[in-house]
Amino acid sequence: MTRIWKDGEIIAIENARPSILTHTLHYGVGVFEGIRSYAAEDGSAGIFRLHDHLRRLFESAKVCGMEVPYSHAELVQGCIDVLQANDLQDGYLRPLAYHDDGNLGGLGSVPPVHVAVAAAPWGAYLGDEGLSRGIRVQISSFRRGSHEAYLSKAKICGQYVISTLAKRQALANGWDEALLTDTEGYVAEGTGENLFMVRHGALVTPPVSASILPGITRDTILRLAQQQAGELQLQHIEERNIPRDELLVADEVFLTGTAAEVTPVREVDGVTIGEGRAGPVTGGLQSAFFDLVKGVSTAPKGWRTVFGALVR
Ligand code: PMP
C-alpha cells in the first residue's frame with residue numbers, strides 16, 4: 001500500500017498522517033468500513049456491495065452526529081481510484097471518517113471531518129486453511145454490550161476496543177477467533193464476523209435486533225440460503241438467539257464477514273462441531289458466495305461495482 005485517497009485526492013501514504021491531537025484518536029468517535037474487491041475471470045474487477053457498505057458508513061456517521069463532507073458518489077469514485085492507484089484488483093478497502101484536531105480536553109468539540117480510503121492486497125483473513133478446513137474458536141469472557149450502553153448497528157471506531165481485546169486474547173491462547181456473548185449469555189457474533197449454525201435442517205443466525213452488527217455478508221448469505229434452500233436441504237431459515245449449549249451441538253457452524261468471507265468453524269471451546277470439518281451447507285454457501293463475488297454467477301443489480309483496466 002503506497003497511496004491513499006484522502007479528502008478527494010490520491011496522495012502518498014506518508015503525507016496522510018493525522019495530527020497527534022486528532023479528536024478520534026483520543027475519544028474514538030470515528031466510523032469505518034471494510035470492503036473487498038475481487039478480480040473476475042474476464043480481466044475486470046468488481047467491488048462487492050460497495051453501495052451497501054457506503055450506506056452503512058453514512059448511517060454510522062449519522063449515529064455519531066458526524067457530517068461526512070463527501071457524497072456517496074465521491075466515495076464510490078475514491079474507492080475505485082485508490083484501488084487503481086495501488087494496482088489492485090483483489091483488494092481490501094478501508095474507508096475511515098474521522099474528526100480532525102480537537103483542543104486538549106475538548107470532548108464536546110465537533111472538529112471538521114476528514115475521510116480517507118486505504119487499499120491493500122489481502123488474502124483469506126482467517127487463513128487459507130481456515131477457509132477450507134475450518135477454524136477453532138473460543139467463547140470469550142468479553143461481551144457485546146446491550147442496547148442501553150452500546151451502538152451495535154454502527155461501525156464506530158471506539159466500539160472496537162472489546163473486539164480487539166477479545167481477538168488478541170483468543171490468539172494469545174492459541175485459538176483462531178473469539179465469539180462474544182451478549183449480556184444475556186447468547187452467542188452473538190465474532191470479533192468482526194456474524195455467526196451462523198446449522199442444526200436439524202435449519203440455518204440459524206441471531207436477529208438484527210440482537211447485539212450484532214448487521215453484516216452485509218450475513219445478508220448475502222441469508223439471500224443465497226433462501227435461493228438454494230432445496231439443494232442445501234434446508235427446511236428453515238431462522239433469525240433467533242443462539243444459546244451456548246445449542247452451538248456446541250450444532251451440525252455446522254460458520255462465520256461471515258467481508259474479511260472472513262464464509263469461514264467454517266470446526267471447534268468451539270475444545271468441542272468438535274459436527275464432523276470437525278466444513279459441512280455440506282457451509283461448503284455449498286461458501287462456493288455460491290465466491291461465485292457471486294468473483295462474478296461467476298450473476299449478482300443482483302448494484303451489488304458489483306465493476307471497474308476497468310488498471311491505470312499504471
Ligand atoms: N460484526 C462485526 C463486529 C464486524 O466488525 C463485521 C465486519 N464489518 C461483521 C460483523 C461483518 O460485517 P460485514 O459482513 O458487513 O463485513
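**Around the ligand**

Let me begin with the ligand, where a polar side-chain atom of Lys 155 lies 2.9 Å from one of the ligand's nitrogen atoms. Please keep in mind throughout that this is a predicted model. How much of the ligand's accessible area does the protein cover? On its own the ligand has 390 Å² of accessible area, and the protein covers 95% of it. There are 16 residues around the ligand, and those that come nearest are Tyr 160, Glu 189, Ile 216, Thr 217 and Thr 258.

Is Ser 60 buried or exposed? Ser 60 has a relative accessible area of 1%, and because buried means under 20%, we call Ser 60 buried. The side chain of Ser 60 reaches the backbone nitrogen of Lys 155 at 2.9 Å, and Ser 60 also touches Val 31 and Ala 154.

For contrast, consider Asp 42, which is found in the loop between β4 (35-39) and β5. Asp 42 has a relative accessible area of 65%, so Asp 42 counts as exposed, the cut-off being over 50%. The side chains of Asp 42 and Ser 44 are joined by a polar contact of 2.7 Å, and the C-alpha atom of Asp 42 is separated by 8.9 Å from that of Gly 295, although these two residues are 253 residues apart along the chain.

Let me finish with the interior. In soluble globular proteins, nonpolar side chains tend to be buried together. Here the largest nonpolar core has 28 residues, and Ile 47, Leu 75 and Leu 93 are those with the most contacts inside it. At least two residues of this core come from each of β5 (45-48), α2 (50-63), α3 (72-85), β6 (91-99) and β7 (113-120), and α3 gives the most, with six. Among the residues that Ile 47 touches are Ile 35, Cys 79, Leu 93 and Trp 303. A second, separate core has 23 residues, including Phe 196, Ile 221, Ala 225 and Ala 288.

Notes. Residues are numbered from 1 along each chain as its sequence is written. This is a predicted model: local features need pLDDT of at least 70, side-chain atom pairs count only at pLDDT 80 or more; totals for chains, interfaces and linings use all residues. Side-chain values use heavy atoms; hydrogens and water are left out. A nonpolar core is a set of buried Ala, Val, Leu, Ile, Met, Phe, Trp, Tyr and Cys residues joined through side-chain atoms within 4.5 Å. Buried means under 20% relative accessible area, exposed over 50%, partly exposed in between (1.4 Å probe, protein chains only). Helices (H or I, at least four residues) and strands (E, at least two) are DSSP runs, numbered from the N terminus. Contact means heavy atoms within 4.5 Å. A residue is near a molecule or strand if one of its heavy atoms lies within 4 Å of it. A polar contact is a pair of N or O atoms within 3.5 Å; within protein, one must be able to donate a hydrogen and the other to accept it, and residues adjacent in sequence count only if both atoms are side-chain atoms. Accessible areas come from the Shrake-Rupley method with a 1.4 Å probe; for residues, only the protein chains shown count as cover. Lists of a residue's contacts leave out its neighbours within four places in sequence.
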